[in-house]
Amino acid sequence: METKKVTFKIRRFNPKKDEKPYYEDYTIDVPKGMTILEALQYIKDNIDPTLSFRAFCRSAICGSCSVKINGYPKLACKTQVFNELEIYDTDTLIIEPLDNMEVIRDLIVDWDSAFERMEKMNPYLIPDPEVVPDTLDEESKVYPRELKKFDKFTDCILCTSCYSMCGIVRIDSNYGGPFPLARVYRFAVDPRDSLKKERAKVGYAFDMWNCVRCNKCADVCPKHIAPVDGILKLRGLSIEVGLKDNPGARHVMAFYKSLLDSGMLNEVLLPLRAKGLKGVIENLSLGIKLILKGRAHSPFMKPIKEHETLLKVMKVAMEVE
């Protein structure tokens, strides 16, 4: 069997005795097919019994073994050592705890901060009495077209990988976070839920418009869920229920109105529609420069030739959603 000598540079920290985190190297012979979790367990069993990490199912279902491997959150039980060596072209792997959460010890982080935010959002089904039967003798049916809207979001295993990569979580203590907000959307479009689109108000209360759509949550999700998709759709629902008096919603509506009017983005009217007179004042100097260079178009734009077709496409897209 093919083997390689691999060095694992593991971030260690015991708050009871260490003043600050440090890195410790462990070099072992790794057979092809060994996972990161198996390597950690080998180190714990044969070299250093004080090494602490989380693991449970070993089947990429519970999410408890999520750690950072060379800077990116991954499930240790699912990630093979040889694959990571090939990706980074190295014989050394850096193993660290997830970010945005307090470290309890070594690779174990405190999930409470993430789950407490989610708990405040009522992330569970609140049955609609008109849809959900009172007894177990009847079925509560969900049809394929309805299920398709939220099915992928039910695959979340709460590993907090997306949460650990989110820059907004780091700077906004009120921001709901990727997987909690995606879960809000999951129930907002569930036909059995009594709150339905009203759940968008929860997302609004937890600063969902602060998401910068960096897509890091989508990049690191081991289940390929892309929480950002749920957040964007939740924003759309918030506009539908009348939550339009905020910069994010006004910006979206400005784009939408431009497409309805002409099929092109009206950059001249965008600041006015999104931020009112304040937007005009903020962008006045830039606007003057564009006008002087002949780069600013008229605020009164003629519709493009394909405008009618575009409107039909927009209508179909919104119906699908």
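Mentor: Helices are DSSP runs of H or I with at least four residues, strands are E runs of at least two, and both are numbered from the N terminus. This is a predicted model, in which local features need pLDDT of at least 70 and side-chain atom pairs pLDDT 80 or more, while totals for chains, interfaces and linings use all residues. Residues are numbered from 1 along each chain as its sequence is written, and side-chain values use heavy atoms, without hydrogens or water.

Trainee: Which helix gives the most to the lining of the largest cavity?

Mentor: A cavity is a set of points on a 1 Å grid over the protein atoms alone where a 1.4 Å probe fits but cannot get out, and its lining residues have an atom within 4 Å of a point. Here 15 residues line the largest cavity, with Cys156, Cys162, Phe179, Cys221 and Ile225 nearest its centre. The top contributor, with 3 residues, is helix 7.

Trainee: What is the volume of the largest cavity?

Mentor: Its lining divides into 12 nonpolar residues (Ala, Val, Leu, Ile, Met, Phe, Trp, Tyr, Cys, Pro), 1 charged (Asp, Glu, Lys, Arg) and 2 polar (the others, Gly among them). By this rule, 2 cavities of 30 Å³ or more are counted. Taken as the space filled by probe spheres set on grid points joined across faces, edges and corners, the volume of the largest cavity is about 140 Å³.

Trainee: And how much space lies in the second largest cavity?

Mentor: Residues lining the second largest cavity include Arg54, Ser64, Cys65, Leu98, Trp111 and Cys159. Strand 3 (66–69) and strand 7 (108–109) each give two or more residues to this lining. By class, the lining has 8 nonpolar, 2 polar and 1 charged. The space in the second largest cavity is about 60 Å³.

Trainee: Let's turn to the open spaces. Which element supplies the largest share of the lining of the largest pocket?

Mentor: A pocket is an open set of points with protein on both sides within 12 Å along at least five of seven lines. The largest pocket has 39 lining residues, and Leu232, Arg235, Gly236, Ile239 and Val252 lie nearest its centre. Elements that give two or more residues are helix 4 (144–150), helix 7 (178–188), helix 10 (227–240), helix 11 (247–261), helix 12 (270–275) and helix 15 (307–320). With 8 residues, the largest share comes from helix 11.

Trainee: How much space lies in the largest pocket?

Mentor: Look at who lines the space: 22 nonpolar, 6 polar and 11 charged residues. The space inside the largest pocket comes to about 1400 Å³.

Trainee: One for the rings, please. What is the geometry of the aromatic pair formed by Phe153 and Tyr185?

Mentor: Rings of Phe, Tyr and Trp (its six-membered ring) pair if their centres lie within 6.5 Å, and planes under 30 degrees apart count as stacked, over 60 as edge-to-face and the rest as tilted. The structure holds 4 aromatic pairs. For Phe153 and Tyr185, the centres are 5.5 Å apart and the planes make 80°, so by these cut-offs the pair is edge-to-face.

Trainee: How many residues apart are Phe153 and Tyr185?

Mentor: Phe153 sits in the loop between helix 4 and helix 5 (161–165), and Tyr185 in helix 7. Their pair links distant parts of the chain, with a separation in residues of 32.
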